[in-house]
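Subject: Structure handover

Hello,

Here is the structure I said I would pass on. My notes follow below it.

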Amino acid sequence: MPNKSHLRLYIVLVASFLAAATNPLQASNNWLDDYNVIWKSPSKNASESMPCGGGDIGLNVWVENGDVLMYMSRSGTFNELSGFPKLGRLRLRLDPNPFKNSTEFLQTLNLKEGAVELKGERYGMRAQVTVWVDVFRPVIHLDVASNQKMTASLTYENWRLTDQVVGKGEKEAMRSWLSAPVEPKLRKDEVTFVANNSAILFYHQNRNTEGCFDLLVQQQGLESVKDQLDNPLKDRIFGGIVKGRNFVADSTETGQYASTPYKGWRLKSALPATRHKLEVVLHTAQAERLDLWEAGLATVITEAAQNSKNARKATQDWWEAYWDRSYIRINEHDPAPTSKPWQVGRNYQVFRYQLGCNAYGEYPTKFNGGLFTFDPEYVNAKRTYSPDYRAWGGGSFTAQNQRLVYWPMLKSGDVDLMKSQFDFYNRLLRNAELRTQVYWGHGGASFTEQLELLGLPVGFEYGWKRPAFYDKGVQYNKWVDYQWDTVLEFCFMMLEAHRYTGMDIKPYIPLMESALRFYDEHYQYLAERRSPEKLDANGHLVLYPGTACETYKMANNATSTICALKSVVTGLLAIDSSAYLSGLLTRIPPISFREMNGHKVIAPAKSFERINNTEIPQLYPVFPYGWYGVGKPDLQVAIDTWQHGIENPDQKHYQSWHQDNIFCARLGLTDEAKELTLKKLGDAPRRFPTWWGPGNDWVPDHNWGGSGMIGLQEMLLQTNGDSLLLFPAWPKEWDVTFKLHAPNNTTIEATLKNGQLKELTVEPAERKKDVVVMLH
């Protein structure tokens, strides 16, 4: 337990409260008020919570039985097993309590300010709690104001109280341990009153042995390079401190929420008051010793105190600028929550708020819940696990899903938010190159589809029962074997970020070149083991065995792979010449076509041996790679591929990662794009409208929302060379006002009313000549 640093923390805490202040802001984005999510009754449980956050912190906020409750989550808080746990739960209680059996109740997600506001009244006794997160520092704020003096208590609740072996069902949240021959052992958290009993310190300190890193290095035969591999889980400590102005330690308690027992540490206001201010200051670091982490926490507390007078206004200003970057407002003259088109516009804004909560995270927003998961039994009654659970892993990343979270940020002007996703791959480059060298002895970075944050394949997908003869570099899994091309889509995303904004991508060029080199060298390496010739008769690589997404398996020359390779190579060559890349471009084979139902269509591959999943990789030349689309050559071939070129009806769907709405928008199929978008971005079957899922993933499903955003953007704006195509797949009966971004630092603002273009502003102005209005 910590002790030597407590005096220092106490001094820092006192100074921080002396400096604290708030500054409300009069924001100008009044159109957002109609999109605020408003509840007029308390919630039944955590599944009826609201998101709140900023910077890299996410909260689930709800009122239950008179208590204000919050789950806390922060990007980068991965434990030694590669789980992604909550940082705990907060419980705020007032006495007397206007939220208990209240006669009036209001809970509002105030999008304009990025805050959740709670108002309760009972027989003339009123209180308001404002919950907000500092965008620039990892500090959670709870501001309480009431019309009469009240006592406030804040309890920090934690359920990781003992060292434990993770149960069979919960291993899904630490996916590498599924089916592993050893049991995952998780170290307990530490919680204690500190600072002269005026605050609560909590933290998790990763154990550096018997964790996910050791597990995977041994499983995957990488002991020879273990010392060269980067291990982001090593020495990682995360947690924080709960404090309140004029609050003191009160007591501890035990209880159970949902199916999970917990222990609580309670602070209580020393005296009743009409105003209370509470804060949670968080800190995450790779620190060799606990005292070093505590020193870092003290620094964060000091910096927060020094900036406290302007912190609220700076955060509100950030959100105001964020909302001014981009918007899509549908039928805003008639804000009817029951109107399906209006829901689409509202949910576009609300989901974009969720993405903004992890604007500057150390790690990217996870597709399977982001920062806003909750007790899993409220998703599936059989999963009576802790709030730390999520399907598809905590510290593992599924590339085909992650990409859909980040593609919409180009047109929404949020390229700065994409950095965490780009850096995720960049920091793992060395590990991916070492894998290649160990297994095959050639160059290039081999990234797999199911990837741990260590840069190594997820243990479950790598396979715990592998035949001795099987290639040690390939995942022994029928879904994701030979799926190495997904990193190339992120490379293409980097190139697009540069094309849109001029973003400096020089730090990522070694990553792009290494990912390309892997394909070039690996498939010549494989060909040489079958024949003296490394290339086919036309001098092209033979991309076999491969895979077209997870669907068309044992593929030869998969279309999705060819599009990825060619798009990244040509993108890099457009920036700078390279003899190697110019040569590689000549070695990339063309995509294949076939005839189905009497129509020429794009084939998923030159050949394949079985169908495994329900994706449509034959339309990847439409999205993400944009080889076909409105105004581009051979559009009918792509349309026929959508209409005739798939094997199974269930390949078409709208939930989770299905991107049919995007395909239809890019193909100019207005009616189909409209119907799919209504399903994608209509209200979720939960209290909070954008908590879709689980679908194929988990709740709230972020690649569900991301793919919905992309499709809606593409219905409004597409590009073909320098041309800016407006309304290429937009239903004229939907009035809309939008602001979106295009390549070359271009923004387009437009208003469509009654099927007529009423307003159009293009920046820079000289690009207005490139606008093509496609209403028909």
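Predicted model: local features only at pLDDT ≥ 70, side-chain atom pairs only at ≥ 80, totals over all residues.

Thr690 is found in the loop that runs between helix H16 (670-681) and helix H17 (702-716). Its relative accessibility is 0%, so Thr690 counts as buried, the cut-off for that being under 20%. The side chain of Thr690 makes a polar contact of 2.4 Å with the side chain of Gln354. Gln354 is also one of the residues in contact with Thr690 once neighbours within four places in sequence are set aside; the others are Asn347, Val350, Phe351, Ala684 and Pro700.

Helix H11 covers residues 509-528. At 1.5 Å a residue, its 20 residues should span 28 Å, and the end C-alpha atoms are 28 Å apart, which agrees. Of those 20 residues, 14 are buried, so H11 is largely enclosed by the rest of the structure.

The sheet is open and has 3 strands, in the order E27-E28-E32, with mixed pairing. Strand E27 (717-720) and strand E32 (771-773) are at the edges; each has a single partner strand, so one side of each lacks a neighbour in the sheet. From one strand to the next, the twist averages 30°. The pairing of E27 with strand E28 (residues 723-726) is antiparallel, over 4 bridges, and Asn720 stands opposite Ser723 in E28.

Regards

Note on methods. Residues numbered from 1 in each chain as written. Heavy atoms only, no water. Helix = DSSP H or I, 4+ residues; strand = E, 2+ residues; numbered from the N terminus. Buried < 20%, exposed > 50% of the residue type's maximum accessible area, 1.4 Å probe, protein only. Polar contact = N/O pair within 3.5 Å; in protein donor to acceptor, adjacent residues only side chain to side chain. Contact = heavy atoms within 4.5 Å. Expected span 1.5 Å × (residues − 1). Pairing = 2+ DSSP bridges. Axes fitted to C-alpha atoms, helices over the stretch in contact; angles between N-to-C directions.
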